[in-house]
Amino acid sequence: MNTSTDVKWLEDIRSLTLDRQQEPLWLRNWRLSYLEKLPDYSWPKREKTPLRERQLDQIPLTAVFPNVTVPHDILQSMISPAYVAFANDRLVASSIPQDWTSQGIVVMPLQEAAVKYEKDLSMVLGQIGTSPISRAEALNGALWDQGLYIKVPAHVRMVEPLLVLHYGQFSHDVRSLFPRTLIVAEPGSQMTVIERYISNEFEEKTLFSSVVEVLAKEDAKVHYGAVQNLSDNAEVFMHRSALVQKDAVVDWSIGEFGGHLTIASDHTHLVEQGAQSTHTMVFFGSGHQRQDFDTEIIHSAPYTTSRIIAKGVMKDQGRSAFHGITNIEHGAVQADGRQKEQTLMLSDESRADAVPSLLINDNDVYAAHSASTGPIDQIALFYLMARGLSEREAIRLYVHGFLAPVVDALPGPVLRDSVWESVERKLDA
């Protein structure tokens, strides 16, 4: 039964969704399809991270987006040959190389693309994910503002990585944000997209629900990286999904560091022969942070390959849960799926759970997993301190050594530096 608060909340969403007269009819109807079913969708259900008492439905929705700018130092850190910067879901700065335009590479707000590329988008938007839709995704579907659309034409290679900044300036008027990114790689194309999520510190609880969709067509190669450093009071929901066609590759490099609560769902579907995906995640929780990650790669075709690699650190009273799922369906012969998860705990009060799962429905496949969670090695710590390092310096060196095999393997200095900077901030916190 709906309470009065539920009814008001739903009325607010309906009002905000219907107030989009400038959008094409198909997109408005698409949004309404999420709105109509919203009462039926629930917040993500996680065994290790119950959400029942977090009162997420009572976080005010943003009705008006005041004009804000990205702080100078943050914007400067994004300056590169190719970048776009959003502040409160509105595009505020960008630089796209001239030759990208001449090659047909498209980088523009999703809302604008919905008019210009109506036929293409109506066939892809919201249709890449395979998992049940949660209330966080449905809210994003109904309420995303400008969004971002990236498309690389067939056999075109994006030489420089595209950096994307999502900056949130939370205030009493802006308590919820819903960024959305759609990436389409046409056959034989190559691209690298790196998104950063940053916000100011705000004393009230805020809601941040992001959706990323990737479509990699035959022989395409997509590397998607993301680093999340949102405020300590943000309730963060990240949903990323990819559809990988014949001989295409989608590699994920994810860094999760911010938010009070972070629920991330990453789902990759290898739908045609020879498709590949590697999902690499680095996470670091501190204070009273709660982090819950659900990463699934589905093999639906022969000769598909996947890797899930996760390394995390927990300190203070931080808690994490990592669920890795390799799902090999019947008929996916010669599929190869492997996963490895490791979490290091720096305090007795921290907690980490690593739960790898293999769902195998064919005999002619290879699948393997490993998971470990444990405290810092006191003998190694003593060894480092015996050589003149303070305990703080020794722990820092130990954490660097623990994470280095994964972080240093991330492609490109921009992503690696961003992850190491985030690790340093967490160690100093």
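Q: At what angle do helix 9 (residues 391-407) and helix 10 (residues 413-428) pack, and how far apart are their axes?
A: In this predicted model, the angle is about 150° and the axes lie 11 Å apart.

Q: Why are helix 9 and helix 10 called roughly antiparallel?
A: An angle over 145 degrees counts as roughly antiparallel. The angle here is about 150°, so helix 9 and helix 10 are roughly antiparallel to each other. Their crossing is right-handed.

Q: Which residues make the contact?
A: Helix 9 contributes Arg392, Arg396, Val399, His400, Leu403, Ala404 and Val407, and helix 10 contributes Arg416, Val419, Trp420, Val423, Glu424, Leu427 and Asp428. By class, this contact of helix 9 with helix 10 has eight nonpolar, one polar and five charged residues.

Q: Which residues bring helix 8 and helix 9 into contact, and how do they divide by class?
A: Ala380, Leu381, Leu384 and Met385 of helix 8 meet Glu391, Ala394, Ile395, Leu397 and Tyr398 of helix 9. The contact of helix 8 with helix 9 has eight nonpolar, no polar and one charged residue. Glu counts as charged, so Glu391 is the charged one.

Q: Why do helix 2 and helix 7 count as roughly antiparallel?
A: Helix 2 (residues 25-37) and helix 7 (residues 135-143) cross at roughly 150°, their axes coming within 8 Å. The cut-off is an angle over 145 degrees, and helix 2 and helix 7 are therefore roughly antiparallel. The crossing of helix 2 and helix 7 is left-handed.

Q: What makes up the contact of helix 2 with helix 7?
A: Trp30, Arg31 and Tyr34 in helix 2 meet Ala138, Gly141, Ala142 and Leu143 in helix 7. They divide into five nonpolar, one polar and one charged. Gly counts as polar and Arg as charged, so Gly141 and Arg31 take those two places.

Q: What qualifies as a cavity in the search of the whole structure, and how many are found?
A: With a threshold of 30 Å³ or more, the search finds one. The largest cavity has a volume of about 40 Å³. Its lining consists of Phe86, Asp89, Gly147, Leu148, His166, Pro179 and Arg180, which divide into three nonpolar, two polar and two charged residues.

Q: What makes the phi of Asp89 worth noting, and where does Asp89 lie?
A: Phi of Asp89 is near 70°, a positive value in a residue other than glycine. Asp89 sits in the loop between strand 1 (83-87) and strand 2 (90-95).

Q: What is the phi of Gln55, and where is Gln55 found?
A: Gln55 is not a glycine, yet its phi is positive at about 55°. Gln55 is in the loop between helix 2 and helix 3 (72-76).

How values were computed
Residues are numbered from 1 along each chain as its sequence is written. This is a predicted model: local features need pLDDT of at least 70, side-chain atom pairs count only at pLDDT 80 or more; totals for chains, interfaces and linings use all residues. Side-chain values use heavy atoms; hydrogens and water are left out. Axes are lines fitted to C-alpha atoms, for helices over the stretch in contact, and angles run from 0 to 180 degrees between N-to-C directions. Helices (H or I, at least four residues) and strands (E, at least two) are DSSP runs, numbered from the N terminus. Angles under 35 degrees count as roughly parallel, over 145 as roughly antiparallel, 65 to 115 as roughly perpendicular and the rest as oblique. A crossing is left-handed if the near helix is turned anticlockwise from the far one by less than a right angle, and right-handed if clockwise. Contact means heavy atoms within 4.5 Å. On a 1 Å grid over the protein atoms alone, a cavity is a set of points where a 1.4 Å probe fits but cannot get out, and a pocket is an open set with protein on both sides within 12 Å along at least five of seven lines; lining residues have an atom within 4 Å of a point. Grid points are joined across faces, edges and corners, and a volume is the space filled by probe spheres set on the points.
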